Every structure is written in structure tokens, then in C-alpha cells.
Amino acid sequence: MSVVFCSWGDALEGGGVEGLTLARKLAAESAAELSWLVIGGVAAAAEETAARYGVAVLDVISDAKLAAYGNDAVVAALSQYCAQRAPQTLIFNQNTAARTVVPLLAGRLGVPVVMNAFAVAKSGDGMDVTATAFGGDTHVVYHMAAAVNIIAVVTTSLRAEEVAQPVPARKNSISVDLAAVAERFRVVASPKAEGPRLEDAEIVVAGGRGLGSAQNLDLVKQLADQLGGMWAASRPLVDDGWVDSSRQVGLTGKITRPGLYVAAGISGASQHMAGCSAAKTIVAINKDADAAIFRYARYGIVGDCLQVLPELIKAAAA
Ligand SMILES: Cc1cc2nc3c(=O)[nH]c(=O)nc-3n(C[C@H](O)[C@H](O)[C@H](O)COP(=O)(O)OP(=O)(O)OC[C@H]3O[C@@H](n4cnc5c(N)ncnc54)[C@H](O)[C@@H]3O)c2cc1C
């Protein structure tokens with residue numbers, strides 16, 4: 001069995017090293033080598049990362065047609081790689097781009113794919129892949145035993161683990177012919193991406209429906225400012241038009257991994273937690289002592305966030 005972790009882009013996105021860690025563990029259970037296929041600019045930093053995360057073989061694809069990482073070019077590069085290398089298990093970090101590319105690749109190769117996976121273990125003639133289903137409300141275990149399988153991993157609940165003794169990976173340059181690729185996807189509008197990104201923030205203060213009004217969101221913004229962090233929101237605030245979708249945390253929003261995540265008036269629905277449960281410390285403010293958010297929080301304040309937030313702002317300013 002061969003296990004290949006695949007990534008592309010100008011840099012390794014959040015969740016990449018967590019995905020590599022999961023792939024390494026599966027390779028070890030399967031007595032297989034871990035390969036890492038890097039496409040494009042991400043290759044520049046990959047050698048050092050590969051050594052730290054126990055990658056045995058670093059396969060690199062560079063081609064001018066991949067400059068914009070168009071879906072069709074990436075899928076063509078991946079499928080040509082599979083034709084040359086015949087890997088058995090391909091693992092992807094399920095970022096926004098992978099949500100489109102991975103199903104396209106599975107269709108192109110005619111092989112099974114599991115999206116939304118978060119755990120993989122060797123089992124009998126194949127492996128068991130655990131994934132979320134129904135928007136995160138339940139889990140399902142798939143047994144994958146086909147000759148070639150694809151898995152897209154949601155990395156929020158995973159931890160990155162470096163190997164004790166880094167060893168440089170063997171590097172291969174893989175040639176692909178993308179001359180005939182014509183992009184069928186055209187980006188007609190992109191979300192505004194000015195300034196720092198929520199995904200990279202070390203401190204996030206998020207507000208939910210418990211704030212009661214768009215005006216009260218100012219308290220969340222003020223606390224985020226005082227703490228030197230960024231502010232965010234749960235989905236109902238986006239749906240109600242209080243905030244732009246670029247501020248939404250969760251399954252259908254941004255996946256954050258801050259050191260500190262303050263959740264004010266947020267219930268802790270699984271779809272929201274999918275975007276913040278990897279935070280090192282969660283502080284929850286909720287007037288309902290039984291709210292689900294307290295299951296995830298290291299520090300919980302049972303109270304009215306309209307009273308608690310001003311106190312926290314004062315304390316942060318002191
Ligand atoms: C497919 C799918 C995808 C989804 N994706 C996302 C996503 O990406 N992000 C997301 O956030 N949601 C997402 N949702 C919605 C999610 O299921 C929840 O409905 C949502 O997260 C709830 O937001 P909330 O906690 O702000 O509101 P509510 O569930 O209404 O909770 C409000 C909380 O505030 C508390 N509260 C009320 N007043 C106060 C007060 N004065 N002080 C303190 N606490 C108070 C209440 O006790 C309650 O716990 C998704 C749902 C589906 C089906």
C-alpha cells in the first residue's frame with residue numbers, strides 16, 4: 001500500500017501539517033512509505049516540512065499551466081501523477097479548493113472518495129474512514145477496500161505531530177503534460193480578502209445570536225480590539241445580514257485555530273464548533289448553563305453576555 005498526501009498552492013495552508021500527520025500514521029499502520037505530492041509554489045518550503053513530518057518521498061510537480069491553480073489543471077496534474085505512480089491512498093486537506101478538486105479527481109479516476117473525514121485506521125483488507133455527515137450532526141464509518149481510494153480530511157480536530165528525528169525526504173520531479181488543458185471554471189467574484197485572515201488569528205472573539213442585536217456586536221469588536229485579536233460571528237448573524245460572510249466561523253465558514261477563542265452568546269452547535277474546536281483555549285459566555293458550548297470551553301461564564309462583555313473589555317484595558 002502507498003499513501004500520498006497531496007497539496008498545491010503558493011504556501012501550505014492551515015491544516016496541512018495536521019493532514020500530513022494523519023497520513024504518516026496511516027502509512028505506518030500499513031507498513032507503507034509516506035509520499036507527499038506538492039504542486040506549485042508550496043514546494044519551496046516543503047523540503048524542511050517534509051523532514052519534520054516524516055515524509056519519505058517528496059514528489060514535486062511544476063508547470064506554467066498550474067500558475068493560477070485552476071481546477072482543471074490541478075485535476076489533470078493529479079490524474080497524470082496517479083497514472084505514473086499508481087498510489088493506493090490519496091489524502092487531501094479539505095480546504096476550499098480541495099472541495100472542488102477532490103470529487104472531480106475521483107470522477108476522473110473512477111475511484112471511491114470520502115469527504116469530511118477526520119479519522120483513518122487500517123482495517124483488514126483496507127481501511128476504516130470516519131467522517132462527519134448531515135452537516136456535522138452525526139458520524140459515519142466507511143470501509144474502503146478498493147485498489148485506489150481518495151480521502152479528504154477536515155483537520156480541525158487533528159493535532160500536528162513532528163517526528164522525533166527528522167530525515168530529509170527523497171525528492172522526485174514529476175513531469176506532466178498539461179498543454180491540452182482548458183479551464184472550464186472561471187472565478188467571476190472572490191470574497192474580499194483585505195487585511196489579516198481569521199484563519200491566521202491568534203485571538204478570536206466571536207458573537208452569536210445571544211447578542212440580541214447587530215448593535216451589540218460592538219461589544220465583541222471592542223473586546224477583540226482590546227485583546228489585539230480579530231472578531232467573528234456565528235452563521236445566524238451572517239444570514240440576518242448583520243455581518244459579512246468573511247467573518248463567519250464554522251463548517252460553512254472559516255476554520256480557525258487560535259490560541260484563544262472567546263464565544264459570546266453562541267450555543268456551540270457542531271457546525272459552529274467545526275470552525276473553532278481546534279482553538280487551544282475556548283472561553284464561553286452563555287446565560288444557559290446547559291449550553292453545548294460549555295462542553296468545549298476551558299473557561300465558562302454563565303451569565304448575560306451584555307453584562308459580562310463590558311466587564312471583560314474593562315479588564316482587558318486595565
Ligand atoms: C449544513 C449546515 C451548516 C452550518 N454551518 C454553520 C457555520 O459555518 N457556522 C455557524 O455558526 N453555524 C452553522 N450552521 C448553523 C448551526 O447549526 C447553528 O444554528 C448556529 O451555529 C447557531 O448560532 P448561535 O449559537 O449564534 O445561535 P443560537 O443557536 O440561537 O444560540 C444562541 C445562544 O446564545 C445564548 N444566549 C441568548 N441570550 C444570551 C445572552 N444575553 N447572554 C449570553 N448568552 C445568551 C443562548 O442560551 C444560546 O445558547 C450550519 C447549519 C447547517 C445545517
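Helix 6, residues 235-239, and helix 7, residues 270-273, each supply at least two residues of the shell around the ligand. Keep in mind that this is a predicted model.

Now the shell itself. There are 24 residues surrounding the ligand. The closest are Ser234, Gln248, Thr252, Ser267 and Gln271. By type, the shell residues divide into 13 polar, six nonpolar and five charged. As for where this is, the ligand sits in the second largest pocket.

Next, individual contacts. For aspartate 304, a polar side-chain atom is 2.9 Å from a nitrogen atom of the ligand. Leucine 251 takes part through its backbone: a polar backbone atom there is 3.1 Å from an oxygen atom of the ligand. On its own, the ligand has 990 Å² of accessible area, and the protein covers 75% of that.

Last item, away from the ligand: salt bridges. Side chains of opposite charge can pair when their charged atoms come close. How many salt bridges does the structure hold? The count is 11. One example is the salt bridge between arginine 52 and glutamate 48, where the closest N and O atoms are 3.1 Å apart. Both residues lie in helix 2, which covers residues 43-52. Arginine 52 and glutamate 48 are four residues apart, about one turn of the helix.

That is what I have for today.

Methods: Residues numbered from 1 in each chain as written. Predicted model: local features only at pLDDT ≥ 70, side-chain atom pairs only at ≥ 80, totals over all residues. Heavy atoms only, no water. Near = heavy atom within 4 Å. Polar contact = N/O pair within 3.5 Å; in protein donor to acceptor, adjacent residues only side chain to side chain. Areas by Shrake-Rupley, 256 points an atom, 1.4 Å probe, with all protein chains shown as cover. 1 Å grid on protein atoms, 1.4 Å probe; cavity = no way out; pocket = protein on both sides within 12 Å on 5 of 7 lines; lining within 4 Å. Sits in = over half its atoms within 2 Å of the grid points. Nonpolar A, V, L, I, M, F, W, Y, C, P; charged D, E, K, R; others polar. Salt bridge = Lys/Arg side-chain N within 4 Å of Asp/Glu carboxyl O.
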